[in-house]
Amino acid sequence: MRSILPKRIGRSSPETHPLPRAPRRAPPGDAAPAVCVRDRGLDHAVEREKFLIPVVNLKNLLKSEPSRSLPISAIAECRDDLRIPIRPIDFVRRYPSIFAEFLPGNVGVHPHFKLTDEVLELDAEEQLVYQRESYRQEAADRVLKLLMMSKVLKMPLDIIDELKWDMGLPQDFVQSIVPEFPDYFRVADGEGVRVLELVCWSSDLAKSIMEKRAVNRAKGTPIEFTMHFSKGFEVDKKLKKWIDDWKKLPYISPYENGLHLSQSSDESDKWAVAVLHELLNLFVSKKTERDTMFCVGEYLGVRSRFKRALLDHPGIFYVSSKNRTHTVVLKEAFRRGSLIEQHPLMDMRNRYIHLMNTVKEEKKATTTSGSQQPKKVSNGSEHQREVEDENGDEDDVDGMSDSEVEDDDEDGDSEDDEENDNVKRTQTRAYTNASPRGNRTRKSNSSPRHNSRSRAWDSKTQVLCMWSYHCTSSGSKPSSSFSSSHHIYARKLTAALWECTHDLASFRMHNHNGNLGNMHRAVPPPEGQ
């Protein structure tokens with residue numbers, strides 16, 4: 001069962017993102033040190049493939065089973081090989097459009113999982129890509145170029161298995177592609193391990209992508225790497241001068257052995273950059289995990305030079321810390337977070353990602369279109385209409401003077417009973433809204449936008465009710481502690497609050513004789529409680 005799964009060499013710890021620094025051979029002095037600059041587009045390109053590898057690994061495992069299904073206990077045993085980062089049962093149930101859950105025989109056993117029809121159709125199309133003659137030739141060329149970059153012209157099959165995903169090789173690469181190209185490579189027994197060794201050197205393929213691009217360049221013009229610094233990355237004059245001088249150094253092909261060069265020399269650094277640049281171009285996604293790259297570099301004998309190249313050349317390589325690991329990205333292969341040249345396998349992987357996210361989008365649509373949504377709107381509008389009816393009479397008071405307000409209070413004794421009844425009903429509704437228990441209908445609202453709107457209406461209702469409470473608690477005439485000027489100010493404050501978009505806390509600073517300063521407190525209970 002585990003023979004078809006890719007072996008995991010190591011995992012990066014979620015440590016701090018390595019800071020790109022100025023090159024170690026840059027002129028010393030007051031040069032500004034380079035700072036860590038994130039690239040949102042490249043981070044998105046890495047993050048969007050989160051959980052894609054374990055999903056495809058589990059898909060291949062289920063497809064290899066005779067019954068095309070497995071119990072959750074068997075999947076949990078292969079968790080490390082499948083690279084499942086969370087609980088297997090939670091992970092599998094997260095993608096019901098890919099993995100279907102069922103109980104065999106309708107008995108109380110562990111749940112089993114099988115592949116859905118949609119993912120089986122995608123897998124059939126993926127197998128057609130693997131069977132294309134053009135693809136098989138291209139895959140063999142990439143493996144041959146990888147072997148020619150090795151100083152011993154061979155590589156263990158464990159490393160090849162680790163690079164299958166990055167290089168776009170089928171799971172049965174050794175059984176399907178290796179016998180088809182006997183003049184390229186062959187499987188041999190090494191020192192305790194099986195290796196894939198080179199059979200014949202190809203001069204046509206021993207040319208890097210940089211050399212192919214520079215075919216039509218003028219004679220004597222050096223091969224220069226293109227720099228793509230992230231937005232916000234500052235390059236001072238001394239660093240720019242070093243980069244310009246570094247670009248003019250002679251280009252050493254990654255298919256040449258440059259291990260004789262001193263590690264502290266600029267020529268060795270440019271050769272290591274050329275090797276790392278060519279390796280990333282061999283990968284279909286133009287990126288790979290940092291541990292995988294260091295594993296290949298250790299076998300090639302350039303691990304430490306790879307580390308320096310990633311630190312010294314942030315314009316060529318980018319290291320993303322998304323997905324709880326570190327991923328090395330070739331900057332020139334991306335534009336606005338997307339690959340410039342799409343490989344057929346990358347198109348298939350994008351379709352897998354779309355299938356993984358399909359159910360999530362449907363769940364979101366179901367949540368937003370549920371039965372609770374109309375309740376939020378109706379409750380909010382009903383509450384709004386109630387407050388508007390109560391506040392409609394207050395807008396007419398804004399333009400009245402103090403004497404007019406006093407006359408109106410003295411002549412309105414006959415309407416006190418009706419007004420007191422309205423005030424009591426208003427206080428009852430405000431007290432219910434301000435109660436810790438509240439309305440059950442407001443608790444059912446799940447939308448933050450409607451909750452904030454409901455809280456805004458409740459606050460405005462409380463202010464209106466407390467103004468009415470203070471105005472009517474002492475009878476028809478205003479008390480000495482709450483004069484007519486305070487009546488006018490309270491009414492104007494209430495009218496201004498209707499047009500204000502801030503919460504009630506912005507009005508707590510207004511304190512007049514201790515009457516309005518306590519308006520933010522709980523509304524006193526009705527009926528004199």
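**Exercise 1.** Find how helix α14 and helix α15 are arranged, and which residues touch.

*Solution.* Step 1: α14 spans residues 290-300 and α15 spans residues 303-312; helices here are DSSP runs (H or I) of at least four residues, numbered from the N terminus. Step 2: they pack at an angle of about 140°, with axes 7 Å apart. Step 3: that makes α14 oblique to α15, since angles under 35 degrees count as roughly parallel, over 145 as roughly antiparallel, 65 to 115 as roughly perpendicular and the rest as oblique. Step 4: R290, M293, F294, C295, G297 and E298 of α14 meet R303, F306, K307 and L310 of α15, where contact means heavy atoms within 4.5 Å.

The model is predicted: local features need pLDDT of at least 70, side-chain atom pairs count only at pLDDT 80 or more, and totals for chains, interfaces and linings use all residues. Residues are numbered from 1 along each chain as its sequence is written, and side-chain values use heavy atoms, leaving out hydrogens and water.

**Exercise 2.** Classify the packing of α7 against α13.

*Solution.* Step 1: α7 (residues 133-148) and α13 (residues 266-282) pack at about 160°, their axes 10 Å apart. Step 2: α7 is therefore roughly antiparallel to α13. Step 3: R142, K145 and L146 in α7 meet E278, L279 and L282 in α13.

Technical notes: Axes are lines fitted to C-alpha atoms, for helices over the stretch in contact, and angles run from 0 to 180 degrees between N-to-C directions. Helices (H or I, at least four residues) and strands (E, at least two) are DSSP runs, numbered from the N terminus.
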